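Keep the 3D view open as you read.

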Amino acid sequence: MTAWEENVLKVVPYVPGEQPKEKDIIKLNTNENPYPPSPKVDEVIRNFSVGNLRKYPDPEATDLVEALAQRYHMPKDQIFVGVGSDDVLAMSFLTFFHGKKPILFPDITYSFYDVWANEFEIPFETRALNENFEIKKEDYFCENGGIVIPNPNAPTGLACPVSELEEIVAKNPSSVVIIDEAYGDFNGESMLPLVDKYDNLLVTMTFSKSRSLAGSRIGFAFGSKKLISYLLDVKYSFNSYTMDSLTIQIGKASLEDEAYFRAKVNEVMETREWTKKELEKLGFSFPDSKTNFIFAKHESAKAEDIFEYLKSKKIYVRYFKRPRIDNYLRISIGTKEEMEALVAELKAYL
Ligand code: PMP
């Protein structure tokens, strides 16, 4: 190691799902939405004047925040927006998990949490899900420096009843509890109505999955006025202009097309239920997904072998070589045609 390297922050980086360069593949590995965003988004992009790019964007992303306020019936000062919910979550870790006690999250969960904790030098402990991949609420009834739980959880796809998560929030008035609802639109039960009851609850969401805008990077969070104001202070002290002017308008347009949003979310959920039945017939089992993916294992075939076979057939799913889940595949829900192609290949292989 050279002398200057001693002063370098060393992290083991998060590994995102593959974004293959090949054409003609079926991509079911990063939980993207298979449908394009609303036609209203298309309109905004076509009508956007490049002259706007001369200026810095609105650091408050006012148009987007106002559209969120309207859509979710929340005051503007209880809304935070960021460049994807990864940005919102990273800022939240930095802001709210600044104590000495360890933060808590499930052992099987979104694999960015331990990366941020390590990067920001936040002590953490994981709490093991039970054998059915369920969260045991009692595990979180103890001293801690903060809690983060995705609901539904990823990569399991399982949702935890809001009443149980509420107990966790209520029993932890001395720490901030973050509920990551990246997949919440496919679930139907949100913690959002509770943010006015608990000033230590932050609920994060994203446009990446249900709104088909993973490429635009839009995430947001709801919380008490106090939480949001602390979060904004840290964000402005880091980089004021994170979201570009076109993206702000894209997000607004997406929110203004509720009918399209509902239709596409429903389509994904219908295809998910169809896929569940087909996978069961083929000998797969899985937690009952409330997301846009299914976390499945086969009764006899090894997940890694199926993963490699599907890849050779240009179908990409996600495989995590990690304790407890190394015989599972996380399969994102594509179009009906894509899922039919997947089922046909699985049949051929098995
Ligand atoms: N939370 C969870 C649980 C996720 O799976 C993802 C997607 N990788 C994110 C947050 C971040 O999504 P995005 O930054 O695209 O909003």
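P57 is a buried residue, with a relative accessible area of 14%. This proline belongs to the loop between helix 1 (39–47) and helix 2 (62–72). Compare P57 with L231: 174 residues separate the two in sequence, and their C-alpha atoms are 19 Å apart in space. Please bear in mind throughout that this is a predicted model.

**The ligand and its surroundings**

Which residues come nearest to the ligand? Of the 13 residues around it, they are S85, D180, Y183, T206 and S208. Helix 3 (residues 84–96) supplies the largest share of the shell around the ligand, with four residues.

The table lists them with their distances.

| Residue | Protein side | Ligand atom | Distance |
|---|---|---|---|
| S85 | polar backbone atom | oxygen | 2.7 Å |
| Y110 | polar side-chain atom | nitrogen | 3.2 Å |
| D180 | N or O atom in the side chain | nitrogen | 2.6 Å |

How much of the ligand does the protein cover? On its own the ligand has 410 Å² of accessible area, and the protein covers 91% of that.

**Aromatic rings**

A pair of aromatic rings is described by the distance of the centres and the angle of the planes. Searching the whole structure gives 23 aromatic pairs. F112 counts as buried because its relative accessibility is 15%, under the 20% cut-off.

Another edge-to-face pair consists of F207 and F220, at 5.4 Å centre to centre and with 75° between the planes. This pair links distant parts of the chain: F207 is in the loop between strand 7 (201–206) and strand 8 (219–222), while F220 is in strand 8, 13 residues apart. F207 and F220 are both buried.

Y110 and F112 also belong to one aromatic cluster, together with Y14, F93, F97, F105, Y113, W116 and F124.

The charged end of K171 sits over the ring of F141, 4.8 Å from the ring centre. In the other case, K264 lies over the face of Y35, at 4.7 Å from the ring centre.

Strands of a sheet pair through backbone hydrogen bonds, either parallel or antiparallel. Here, four strands make an open sheet with antiparallel pairing, in the order 9-10-13-12. Strand 9 and strand 12 (318–319) are at the edges with a single partner strand each, so one side of each has no neighbour in the sheet.

Strand 9 (residues 284–285) pairs with strand 10 in the antiparallel sense over two bridges. F284 has H298 of strand 10 as its bridge partner. Strand 10 also pairs with strand 13 (residues 329–332), again antiparallel, over four bridges. In that pairing, F295 has R330 of strand 13 as its bridge partner.

**Backbone features to look at**

Most residues other than glycine have a negative phi, and most peptide bonds are trans. The residues below depart from that pattern.

The loop between strand 5 (147–150) and helix 5 (162–170) holds N151, and P152 is placed in this loop as well. The peptide bond from N151 to P152 is cis, with omega near -5°. N151 counts as buried at 1% relative accessibility, and its side chain reaches the backbone nitrogen of C160 at 2.6 Å. A cis peptide bond also joins A154 and P155, with omega about 5°. P155 has its place in the loop between strand 5 and helix 5 too.

Is D24 buried or exposed? D24 is exposed, with a relative accessible area of 69%. This residue is in the segment before strand 1 (26–27), and its phi is positive, near 60°.

F133 has a positive phi as well, near 65°. F133 is located in the loop between strand 4 (124–127) and strand 5. At 7% relative accessibility, F133 counts as buried.

Note on methods:
Residues numbered from 1 in each chain as written. Predicted model: local features only at pLDDT ≥ 70, side-chain atom pairs only at ≥ 80, totals over all residues. Heavy atoms only, no water. Phe/Tyr/Trp six-rings, centres within 6.5 Å; stacked < 30°, edge-to-face > 60°. Buried < 20%, exposed > 50% of the residue type's maximum accessible area, 1.4 Å probe, protein only. Lys NZ or Arg CZ within 6 Å of the ring centre and 35° of its normal. Pairing = 2+ DSSP bridges. Near = heavy atom within 4 Å. Polar contact = N/O pair within 3.5 Å; in protein donor to acceptor, adjacent residues only side chain to side chain. Areas by Shrake-Rupley, 256 points an atom, 1.4 Å probe, with all protein chains shown as cover.
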